[in-house]
Amino acid sequence: PHMWLSVPNVKAYIRTIVDTLCRISPSDQEYFRANEREYLARLDRLDEYVTEKVSEVPKENRNLVTTHDGYAYLAKRYGL
């Protein structure tokens, strides 16, 4: 349930959802695919932004303190 804390995982969700929507409603496929492309591009920009911001923190200071295991996806993706 917490895989959304990693942009590549979210992109996989989006592709699966859009593929399913296209099977359910083929007449709307163009609409779904256009939105998919836009959203995936936005996610790429978000991932680049977070990667850039995290890289500004020295590696020895990239500590994540949390009480929930779900943040392991975030930590792994951004080297926390």
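1. Asp 19 and Arg 33 form a salt bridge, with their closest N and O atoms 2.8 Å apart; the term stands for a side-chain nitrogen of Lys or Arg within 4 Å of a carboxyl oxygen of Asp or Glu. Asp 19 lies in helix 1 and Arg 33 in helix 2, so this pair ties together parts that are 14 residues apart in sequence. Helices here are DSSP runs of H or I with at least four residues, numbered from the N terminus. Asp 19, Arg 33 and Glu 36 are linked in a network of salt bridges.

2. Before going on, please keep in mind that this is a predicted model, where local features need pLDDT of at least 70 and side-chain atom pairs count only at pLDDT 80 or more, while totals for chains, interfaces and linings use all residues. Residues are numbered from 1 along each chain as its sequence is written, and side-chain values use heavy atoms, leaving out hydrogens and water.

3. How confident is the predictor? The mean pLDDT (confidence in each residue, from 0 to 100) is 93, and 99% of the residues reach 70 or more. Confidence is highest in helix 2, at a mean of 97, and lowest in helix 3, at 88.

4. Now look at Lys 11, in helix 1. The side chain of Lys 11 meets that of Asp 44 in a salt bridge (2.5 Å, N to O). Asp 44 belongs to helix 2, so the pair joins parts that are 33 residues apart in sequence. Asp 44 is partly exposed, at 33%.

5. Asp 47 is buried, with a relative accessible area of 12%, whereas Arg 77 is partly exposed, at 37%.

6. Finally, trace helix 1 itself, residues 7-24. The buried residues of helix 1, among them Ile 14, Val 18 and Cys 22, pack against helix 2 (29-55) and helix 3 (72-78).

How values were computed:
Helix = DSSP H or I, 4+ residues; strand = E, 2+ residues; numbered from the N terminus. Expected span 1.5 Å × (residues − 1). Buried < 20%, exposed > 50% of the residue type's maximum accessible area, 1.4 Å probe, protein only. Contact = heavy atoms within 4.5 Å. pLDDT = per-residue confidence, 0-100.
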